[in-house]
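The sequence and structure are shown first.

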Amino acid sequence: MAASSTSPAPQRRPRADAERNRTRVLDAAREVFRTRGDEAQMPEVARAAGVGIGTVYRHFPNRAALIAAVGEQRQAEIVEFGRTACLPRTEAADGLAAYLEHIGEVLSAERGLSASIEAAFGSAEPLGEGRAQAETVAAQLLARGKEEGTVRTDAEVGDVVMIVCGLAAVIRHDAGDWRRYVRNACAGLRAPG
């Protein structure tokens with residue numbers, strides 16, 4: 001008796017038009033959630049993307065899945081900015097300041113998206129791979145800054161995480177000038193002298 005093969009069928013690549021539709025939905029959702037916050041609904045996203053509601057649900061089975069995907073997209077863009085615009089800076093402390101300022105700009109421009117993420121998941125704090133990648137960028141900047149003597153020798157990635165959490169709170173609660181907060185936080189990370 002011949003043994004039957006139980007190996008899974010190979011995964012097919014999504015069709016090009018399906019991938020384009022997914023991207024259109026993500027981009028539209030980011031804008032809709034940015035402007036409408038947690039009030040935004042799936043039909044609004046479909047209209048903004050120029051696709052049917054079925055297309056939205058084919059890619060994202062529910063609203064939470066769509067919000068999660070948009071949050072992951074945003075986090076990936078922040079990490080990419082860190083890698084391409086901050087790590088190459090001549091001075092690591094300046095790169096770290098640019099990274100934190102960029103995060104502030106994104107969070108400030110997308111308060112509605114942050115509110116949607118928090119409402120859906122209980123926190124807007126990134127998790128998983130996106131968080132790990134963001135922390136890797138921060139760790140590289142800190143390590144280089146310590147070698148250069150531009151960053152305090154006792155600065156840790158956890159300090160940067162706390163700064164970002166505080167930055168998010170300042171923006172979310174409109175508790176003052178978030179740019180001043182970033183400047184002061186970065187001054188605290190700089191090496192003395």
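In this predicted model, local features need pLDDT of at least 70 and side-chain atom pairs count only at pLDDT 80 or more, whereas totals for chains, interfaces and linings use all residues. Residues are numbered from 1 along each chain as its sequence is written, and side-chain values use heavy atoms, with hydrogens and water left out.

**Overall architecture**

- The protein has nine helices and zero strands; helices (H or I, at least four residues) and strands (E, at least two) are DSSP runs, numbered from the N terminus.
- Read from the N terminus, the order of elements is α-α-α-α-α-α-α-α-α.
- The C-alpha trace spans about 75 × 50 × 25 Å along its principal axes.
- Of the 193 residues, 35% are buried, where buried means under 20% relative accessible area, exposed over 50%, and partly exposed in between (1.4 Å probe, protein chains only).
- Among contacts (heavy atoms within 4.5 Å) with a separation of 6 or more, 69% are between residues 24 or more positions apart.

**Packing of α1 and α6**

- Two packed helices are described by the angle between their axes and the distance between the axes.
- Helix α1 (residues 16-36) packs with helix α6 (residues 111-121) at an angle of about 95°, and their axes are 6 Å apart; axes are lines fitted to C-alpha atoms, for helices over the stretch in contact, and angles run from 0 to 180 degrees between N-to-C directions.
- The two helices α1 and α6 are therefore roughly perpendicular, on a scale where angles under 35 degrees count as roughly parallel, over 145 as roughly antiparallel, 65 to 115 as roughly perpendicular and the rest as oblique.
- On the α1 side the contact involves R30, F33 and R34, and on the α6 side G112, L113 and S116.
- By class, this contact of α1 with α6 has two nonpolar, two polar and two charged residues; Ala, Val, Leu, Ile, Met, Phe, Trp, Tyr, Cys and Pro count as nonpolar, Asp, Glu, Lys and Arg as charged, and the others, Gly among them, as polar.

- R74 lies in helix α4 (residues 63-86) and counts as buried because its relative accessibility is 5%.
- The side chains of R74 and E110 are joined by a polar contact of 3.5 Å; such a contact is a pair of N or O atoms within 3.5 Å, and within protein one must be able to donate a hydrogen and the other to accept it, while residues adjacent in sequence count only if both atoms are side-chain atoms.
- Not counting residues up to four places away in sequence, R74 touches R30, V106, L107, E110, L113, S114 and I117.
- L113, in helix α6, has 0% relative accessibility and so counts as buried.
- Leaving aside neighbours within four places in sequence, L113 contacts R30, F33, R34, V70 and R74.

**Cysteines**

- The disulfide count is zero, with a disulfide taken as a pair of cysteine sulfur atoms within 2.5 Å.
- C86 is in no disulfide, and the nearest cysteine sulfur, that of C186, is 10 Å away.
- C165 is likewise in no disulfide, the nearest cysteine sulfur being that of C186, 15 Å away.
- C86 counts as buried at 0% relative accessibility, whereas C165 counts as partly exposed at 36%.

**Backbone at D174**

- Most residues other than glycine have a negative phi.
- D174, a residue other than glycine, has a positive phi near 50°.
- D174 is located in the loop between α8 (157-172) and α9 (178-189), and counts as exposed because its relative accessibility is 57%.
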